[in-house]
Structure formats: C-alpha cells, structure tokens
Amino acid sequence: MLATRVHGESPFKGFNVTCFTNEEEGVGLASRAPWLLETDVQEKVGVNFSRGPIWEPYMVEGRTGTGTA
C-alpha cells in the first residue's frame with residue numbers, strides 16, 4: 001500500500017483497513033523501529049484504520065485493503 005502512491009496520493013485512500021497495531025508490531029521495541037505500519041498507512045496512505053483487541057482476530061467489512069506494505 002505504501003508503494004502505490006502516485007503523485008503523493010494512494011489509490012487506497014479512504015479504504016477501510018486493519019493491520020498489526022503499533023503495540024503488536026513493536027512488542028516493546030516500537031521506539032527503535034524506523035517505521036510502524038499502523039502509523040504509516042494512516043498518515044501516508046490516508047486509510048480509515050480500525051483495530052480490535054491486541055493479539056485477537058479482527059476483520060473489517062466493506063471496501064477493504066490487505067494491510068500489507
């Protein structure tokens with residue numbers, strides 16, 4: 001998703017997505033990560049991000065993307 005930007009805008013802008021949250025991805029080391037997927041898809045892609053309980057199954061219905069970068 002992050003690599004799909006054309007002239008600064010992603011075709012996924014406005015999609016409903018979920019992915020590993022910053023807390024799940026960092027596992028206590030988020031401050032050392034060069035980037036975090038949750039943050040980047042919201043700020044750089046402009047998706048509608050939603051999350052469930054940490055480490056629990058969660059899905060989004062409707063117009064969705066995969067959450068992979």
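Start by selecting Asn22, which is buried at a relative accessible area of 17%. Here buried means under 20% relative accessible area, exposed means over 50%, and partly exposed is in between (1.4 Å probe, protein chains only). Asn22 sits in helix 1; helices (H or I, at least four residues) and strands (E, at least two) are DSSP runs, numbered from the N terminus.

Before going on, two notes on what you have open. This is a predicted model, where local features need pLDDT of at least 70 and side-chain atom pairs count only at pLDDT 80 or more, while totals for chains, interfaces and linings use all residues. Residues are numbered from 1 along each chain as its sequence is written, and side-chain values use heavy atoms, with hydrogens and water left out.

**Around Asn22**

Keep Asn22 selected and bring up its contacts, meaning heavy atoms within 4.5 Å. Leaving aside residues up to four places away in sequence, Asn22 touches Ala30, Leu36, Glu38, Thr39 and Arg51.

**Zoom out**

Switch to cartoon and you'll find two helices and two strands, running β-α-α-β along the sequence. Of the 69 residues, 29% count as buried. Take the contacts between residues at least 6 apart in sequence: 69% of them join residues at least 24 apart.

**The salt bridges**

Next, pick Arg51. How many salt bridges does the model have? The count comes to three, taking a salt bridge as a side-chain nitrogen of Lys or Arg within 4 Å of a carboxyl oxygen of Asp or Glu. One of them joins Glu23 to Arg51, with the closest N and O atoms 2.4 Å apart. Glu23 lies in helix 1 and Arg51 in the segment after strand 2, so this pair ties together parts that are 28 residues apart in sequence. Both partners are partly exposed, Glu23 at 42% and Arg51 at 38%.

Glu38 is buried, at 9% relative accessibility. Show Glu23, Glu38 and Arg51 together and you have a network of salt bridges.

Then slide along to Lys44, whose salt bridge to Asp40 has its closest N and O atoms 3.6 Å apart. Both residues belong to helix 2, four residues apart, or about one turn of the helix. Lys44 is partly exposed at 40%, whereas Asp40 is buried at 8%.

With helix 2 still on screen, colour its buried residues: Leu37, Glu38, Asp40, Val41 and Val45. Their cover includes helix 1 (22–26) and strand 2. Just past the end of helix 2, check Gly46, where phi is positive at about 85°.

Now select Met1, Leu2, Phe15, Val17, Cys19, Leu37, Val41, Val45, Val47 and Phe49, the 10 residues of the largest nonpolar core. Helix 2 (residues 37–45) gives the largest share of this core, three residues. A nonpolar core is a set of buried Ala, Val, Leu, Ile, Met, Phe, Trp, Tyr and Cys residues joined through side-chain atoms within 4.5 Å.

**A ring pair**

Rings of Phe, Tyr and Trp (its six-membered ring) pair if their centres lie within 6.5 Å; planes under 30 degrees apart count as stacked, over 60 as edge-to-face and the rest as tilted. The model has two such aromatic pairs. In the Phe12 and Phe15 pair the ring centres are 5.3 Å apart and the planes at 85°, so the pair is edge-to-face. Phe15 is buried at 13%, while Phe12 is partly exposed at 25%.

Most residues other than glycine have a negative phi. So which way does phi go at Trp55? Trp55 has a positive value, near 60°, and sits in the segment after strand 2 (48–49), exposed at 53%. Finish at His7, with a positive phi of about 55°. His7 is in the segment before strand 1 (16–17) and is exposed at 84%.
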